[in-house]
Amino acid sequence: MGFRKDFLWGGAVAAHQLEGAYDRDGKGLSIMDVVTSGDVNTRRRITGEILKGENYPNHEAIDFYDYYKEDIRLFAEMGFKCFRTSIAWTRIFPNGDEEQPNEAGLKFYDDMFDECLKYGIEPVITLSHFEMPLHLVQEYGGWRSRKLIDFFVKFAVTCFERYKDKVKYWMTFNEINNQADIGDGFMLYANSGIVVKPEENVEELMYQASHYELVASAEAIKAGHKINPEFQIGCMIAMCPIYPATCRPEDILQAEKAMQKRYYYTDVHVKGEYPVNILKYWERKDLKIDVTEEDLAVLKQGCVDYIGFSYYMSFCTKAEPDNPEYDYRGEKDRIKNQYVKASEWGWQIDPIGLRYSLNWFTDRYKVPLFIVENGFGAYDTLEEDGSIHDPYRVEYLQHHISEMKKAVEEDGVDLMGYTPWGCIDLVSAGSGEMDKRYGFIYVDKHNDGTGDLSRRKKDSFEWYKEVISTNGENI
Ligand code: P53
């Protein structure tokens, strides 16, 4: 009973949200280096280049680039078995289309992985986490272009070869399916480096970019398994289950169709083929997607070993009279769920939804699952004596771990590990602010860029340490 003996407890982050050092040691600009900060009410702006007088929070972030030894020592103190981060593509290929990689960038990750391994912490690595080279956007239009497949595969293979004896667990594209909510242009930018032009068909673009990414992912997986057959390479899906608002048959169908549109990516990653409902959708909407016979063969040859997914919240949808085909149009078709509370950022808190998600994936795909993000973004208060009391964070995580435990013990879900998001405070992806905090470790850095970057343990630090040391028995 309980979690596996080798359960991968840890924490998750992404390079662009914590490393800083955005122009050091040959690093090129990534798409997130030209995105301003925002806050709970203000959206981030994509400026396309670095403009004077703007605040770009990812430039310095929490300077993990210089603090990584101290931070990893704290992770080890909590007992982490693994640490999920990403490799900034722009440290390895600053522009994305070079022939040769940047040795200084490769060296940084060698040193950082060594530091993890010193404590017995397994690195879990995402290859593309919202941080593709800006040059690939300016020169090729981002993932609009098929050429990106080769650039990505080259980057992936370079990393696989270099770190084949240090890293066993990989993921290709972070939250690849977030862009399916086409109403939100920010996700299409973060996932695919695309800012839609007025004359463009956003749906066609989204499916096209996603297709190229799925092919690139499959090709990378195929290559990775050759480089080291021990590699475990997964996909990374943003799981926000979409519930029907009521038991009206129309609402049930609306929710089912919404799930098809947000989660077809998992079918392609795991089964190596598109579900027929998506092909039918393309046909009905007359979307012209460039998919070759060769692509379809590659998809079949590069299936994932596990499903990595993030889980923060659930969504809810309702059939609308103006939408007789039950097409899910993203945020526009989401309604508030009256049965659950939400965070200050409107993220609906639903621990049972995590158990539901674990069952949902297992029923459909029968591959091991890895919860690679989960957490509670909240304002924290630094007390006079330097302590940070965050019972709300502990409560959120307790409830989610408890549901994940039931999924394992009562439902038989095969779960590899759990890495809560932002184990150390970092820059929010969605809002660009520092003050939406997730960490067990507090970092003295604020929305306006001030702060001395010092690290402090929050109350949740000791709590999580106990969870890990009892393999999830004491939560
Ligand atoms: P922030 C939307 C919905 C679910 C997950 O998000 C999301 C997003 C994008 O905001 O992103 C993931 O920082 C992502 C991380 C991100 C984390 O969730 O907006 O993989 O990069 O930081 C939390 O609160």
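**View 1. The shell of residues around the ligand****.** In this predicted model, the ligand has 16 residues around it, and the closest are Q17, E373, A429, K436 and Y438. Sort that shell by class and you get seven nonpolar, six polar and three charged residues. As for where the ligand sits, the space it takes is the largest pocket.

View 2. How much of the ligand does the protein bury? On its own the ligand would expose 470 Å², and the protein buries 94% of that.

**View 3. The largest pocket, with the ligand in place****.** This is the space that the ligand takes, and its volume is about 1,200 Å³. The lining counts 46 residues, and D184, M313, R334, W347 and G430 are the closest to the pocket centre. Which elements give two or more residues to this lining? They are helix α7 (185–192) and the strands β5 (232–239), β8 (315–317) and β9 (341–342). By class, the lining splits into 20 nonpolar, 13 polar and 13 charged residues.

**View 4. The second largest pocket and its link to helix α13****.** Now move to the second largest pocket, with a volume of about 230 Å³. Its lining is made up of K341, I349, P351, F376, Y392, E395, Y396 and H399. Helix α13 (residues 391–409) supplies four residues, the largest share of that lining. Five of the lining residues are nonpolar, one is polar and two are charged.

**View 5. The largest cavity****.** How many cavities of 30 Å³ or more turn up in the whole structure? The search finds six, and the largest cavity, shown here, holds about 80 Å³ of space. There are 13 residues in its lining, with A15, H16, K27, D33 and A88 nearest the centre. Two helices, α1 (15–18) and α3 (89–92), are the elements that give two or more residues to this lining. Sorted by class, the cavity lining has three nonpolar, five polar and five charged residues. If you wonder how such gaps are spotted at all, a probe the size of a water molecule is rolled over the atoms, and that shows where empty space is left.

Notes. Residues are numbered from 1 along each chain as its sequence is written. This is a predicted model: local features need pLDDT of at least 70, side-chain atom pairs count only at pLDDT 80 or more; totals for chains, interfaces and linings use all residues. Side-chain values use heavy atoms; hydrogens and water are left out. On a 1 Å grid over the protein atoms alone, a cavity is a set of points where a 1.4 Å probe fits but cannot get out, and a pocket is an open set with protein on both sides within 12 Å along at least five of seven lines; lining residues have an atom within 4 Å of a point. Grid points are joined across faces, edges and corners, and a volume is the space filled by probe spheres set on the points. Ala, Val, Leu, Ile, Met, Phe, Trp, Tyr, Cys and Pro count as nonpolar, Asp, Glu, Lys and Arg as charged, and the others, Gly among them, as polar. A residue is near a molecule or strand if one of its heavy atoms lies within 4 Å of it. Accessible areas come from the Shrake-Rupley method with a 1.4 Å probe; for residues, only the protein chains shown count as cover. A molecule sits in a cavity or pocket if more than half of its atoms lie within 2 Å of its grid points.
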